[in-house]
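Take a look at the structure below.

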Amino acid sequence: MKKVNIIAEIGINHNGDLEVAKKLIDVAAVAGCNYAKFQKRNPDICVPEKQKKKIKKTPWGKMTYLEYKHRIEFGKDEYDELFDYAKSKGIEIFASVWDKDSVDFMSKYTTVMKIPSALITNLELCREARKNCDTLIISTGMSTEKEIDRCVEVCNPDVIMHTNSSYPSKIEELNLSYIEYLRRKHPKKEIGYSAHEYGLVTTFVTVALGASWIERHITLDRTMWGSDQLASVEPIGLIKLMKGIRDVEKSIGPGGPRKVLGSELSKRKSLRGE
């Protein structure tokens, strides 16, 4: 089988701290992930008007929601440093883009982009991202089949990722069989899985179901402040995840018809006398 691409989703789990972001890149690189991913926004555009002046309690004190979103957003200086740092660690980074400004911004750094689940109905954004990258990934959470079909029609993504957009996701609501449905429906696309549930076992299952891209949120510590930390895996969990995925890949094999393996010959001889 084709080797699975694994994305370590840093997202906003860095809390606007460049050194934390670098440590998370280190974790992804040491674990052997193919990519680490951030989220890029222009808060002035992305934050709804009704939310901008709402007061939010943060580790840095009370501030408006808009101030908070600016507080944790990286700009050019930080991304210059992060892309150089990731290159020195032998791992590629990219971002989910949340607005057209962010598409333009990230296109100066990478040819890979992702449209998050929340925005696959923003067809103007989808078109803009498609024009500005070589590899486009979309996530299907919180969307109807009709909405997904329209997005695929408009932006022709390279990778379609199944996901449940609740954080953390309930195991009984994962519907992992949808991966097989997507593979049948879009045989020329790569199908992936973006995980938000507790534990690793269900993510291993998606590889056996045919997912060729896997994404999991990562954190240095799940008790850190932030909305995505609890649904993330810590460094040791990411290392276990990587090993498990690679083991599943090795175990799947070429399928039938059944052949006697070289490692079985001695046992065949001792038990059958052949």
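Contact means heavy atoms within 4.5 Å. Among contacts between residues at least 6 apart in sequence, 62% join residues at least 24 apart. This is a predicted model, where local features need pLDDT of at least 70, side-chain atom pairs count only at pLDDT 80 or more, and totals for chains, interfaces and linings use all residues. Residues are numbered from 1 along each chain as its sequence is written, and side-chain values use heavy atoms, with hydrogens and water left out.

Now the whole protein. It has 12 helices and 10 strands. Helices (H or I, at least four residues) and strands (E, at least two) are DSSP runs, numbered from the N terminus. The C-alpha trace spans about 80 × 40 × 35 Å along its principal axes. Of the 274 residues, 50% count as buried, meaning under 20% relative accessible area with a 1.4 Å probe, protein chains only.

Helix α1 covers residues 18-31, and helix α11 covers residues 235-252. They pack at an angle of about 25 degrees, and their axes are 9 Å apart. That makes α1 roughly parallel to α11, a label for angles under 35 degrees. Axes here are lines fitted to C-alpha atoms over the stretch in contact, and angles run from 0 to 180 degrees between N-to-C directions.

Which residues meet? From α1 come V27, A28 and A31; from α11 come P235, L238, I239 and M242. The residues of this contact divide into seven nonpolar, no polar and no charged. Ala, Val, Leu, Ile, Met, Phe, Trp, Tyr, Cys and Pro count as nonpolar, Asp, Glu, Lys and Arg as charged, and the others, Gly among them, as polar.

How values were computed: Angles under 35 degrees count as roughly parallel, over 145 as roughly antiparallel, 65 to 115 as roughly perpendicular and the rest as oblique.
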